[in-house]
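I'll write down each thing I look up as I go.

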Amino acid sequence: MSDYTNSLPLLVTAIQNTINDNAEEVAQLDAAIGDGDHVINLQRGLDALSSMSDELAQMDWSAAFMKIGMTLMSTMGGASGSLFGTLFISMAKASKDKQCDFAGFAEVFAQGVESVKQRGKADIGEKTMLDTLIPVSAGLLSDAHNDVAFDSALNNAKAVAIAGMQSTKNMLATKGRASFLGERAIGHIDAGARTSQLMICAIADCLLDT
Ligand code: ADP
Ligand code: MG
């Protein structure tokens, strides 16, 4: 795994495509147990990243993560804007002077997810994006420590992301807007868990192709 920032324009486009292709479904998920704006917030952030993706490709990974985080923070809005922003800003700090290889990325991503937990005062099992992010991060760390081949780890990450997203369906929500609904939230997948899964799968597919 070399410095992947030159793949960022490709990754941003792949992410935009998967979010646009599933926009209606995500809007419905957030409308069912939130206020319906999650996909619009995310699309706004991704449009901003897309317009600067050539610039991102010139940066080292730490600088690129910082620019991505600040951009998502200032353009997205919603709970997810500050949480996805926090993810990347924390990854920027963790990746400074760190080698951009698979094990390094797994550690950097774990730091980012840890910061999202702190920022949202949330953990696994609360029906949020963390139900996708935490198991994916744990799986990547474990695969990196066990020297699992990068391609296998990417396929594992996809499967873990899908299982994590699906796990939110029958959960009670204890964080975010959905927590106001009590038992009525049961039976609906969390929108942020779904978009996190879609983005992780798009990134993995992109890297598997290159
Ligand atoms: P808002 O809830 O402010 O309208 P969005 O609709 O953009 O923001 O994002 C909602 C998503 O944010 C939820 O589906 C959930 O995944 C995530 N979320 C909300 N609150 C938290 C939290 N405290 N911790 C982690 N994720 C959260
Ligand atoms: Mg919302």
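Which residues in α8 are buried? I'm working from a predicted model, and in it I find L130, D131, T132, L133, I134, V136, S137, L140, D143 and A144 buried in α8.

Next I checked what those buried residues pack against. Their partners are α7 (102–120), α9 (150–167) and α10 (191–209).

Then I tested the length of α8. The helix covers residues 130–145, which is 16 residues, so at 1.5 Å a residue I expect a span of 22 Å. Its end C-alpha atoms are 22 Å apart, so the two agree.

Leaving out residues up to four places away in sequence, L140 touches F102, F105, A106, F109, A153 and A157.

On to the nonpolar core. The largest one has 55 residues, and L140 is among those with the most contacts inside it, along with I19, L42, F84, F109, V113 and V136. The largest share of this core, eight residues, comes from α10. A reminder to myself: in soluble globular proteins, nonpolar side chains tend to be buried together.

C201 is buried, with a relative accessible area of 9%, and C206 counts as buried at 13%.

Conventions. Residues numbered from 1 in each chain as written. Chains lettered and ligands numbered in written order. Predicted model: local features only at pLDDT ≥ 70, side-chain atom pairs only at ≥ 80, totals over all residues. Heavy atoms only, no water. Buried < 20%, exposed > 50% of the residue type's maximum accessible area, 1.4 Å probe, protein only. Helix = DSSP H or I, 4+ residues; strand = E, 2+ residues; numbered from the N terminus. Expected span 1.5 Å × (residues − 1). Contact = heavy atoms within 4.5 Å. Core = buried A, V, L, I, M, F, W, Y, C linked by side-chain atoms within 4.5 Å.
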